[in-house]
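This report covers side-chain pairing and helix packing in one model. Please look at the structure below first.

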Amino acid sequence: MTKAKHAWFILMFLLFIAGIGAVTMLLWNALIPAIFGGIVINYWQAIGLLVLSRLLFGGFGFHHMAGRFGRHPHSHPHLSQMHGMSRGEKREFIRRHMESHFCCDPEKNSSCEPKEE
């Protein structure tokens, strides 16, 4: 890349971060004080909130839009196992999976507790 492209990329990145900070501040100040009686924050506190959320939750999610379980049928092990099953077979597979992980029948008992392992 040329120096001009690098400079353009850096400028766009900084503008993007500035915009996200401003949107965070505006949304916080419009919602949190009115709903929860919280404090009004300034721009740098909004940036700090974004950094804190990044540290706590990892990533801002832009490269994870599809998530861990994207739309591809083989993106999750259970989805790939259910691929090609009829609706009834899928229900039975899910029921067996729930019983093995929660030691209960989810159709009969809505308060299934996880098994101790």
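## Salt bridges

Arg95 pairs with Glu99 in a salt bridge, with the closest N and O atoms 2.4 Å apart. A salt bridge here is a side-chain nitrogen of Lys or Arg within 4 Å of a carboxyl oxygen of Asp or Glu. Arg95 and Glu99 are four residues apart in helix 4, so about one helical turn separates them. Salt bridges with shared partners link Glu92, Arg95, Arg96 and Glu99 into one network.

Arg95 also meets Glu92 (2.3 Å, N to O). Glu92 in turn meets Arg96 (3.9 Å, N to O). The structure holds three salt bridges. Glu99 is partly exposed at 28% relative accessibility, and Arg96 is partly exposed at 44%. Buried means under 20% relative accessible area, exposed over 50%, and partly exposed in between (1.4 Å probe, protein chains only).

## Helix packing

The axes of helix 1 (residues 3-36) and helix 2 (residues 43-57) come within 8 Å and cross at roughly 105 degrees. Helix 1 is therefore roughly perpendicular to helix 2 (65 to 115 degrees). Axes are lines fitted to C-alpha atoms over the stretch in contact, with angles from 0 to 180 degrees between N-to-C directions. Helices are DSSP runs (H or I, at least four residues).

Thr24 lies in helix 1. Thr24 is buried, at 17% relative accessible area. Beyond its neighbours within four places in sequence, Thr24 contacts Ala46, Leu49 and Leu50 (heavy atoms within 4.5 Å).

## Basis

This is a predicted model: local features need pLDDT of at least 70, side-chain atom pairs count only at pLDDT 80 or more, and totals for chains, interfaces and linings use all residues. Residues are numbered from 1 along each chain as its sequence is written, and side-chain values use heavy atoms, leaving out hydrogens and water.

Note on methods:
Helix = DSSP H or I, 4+ residues; strand = E, 2+ residues; numbered from the N terminus. Parallel < 35°, antiparallel > 145°, perpendicular 65-115°, else oblique.
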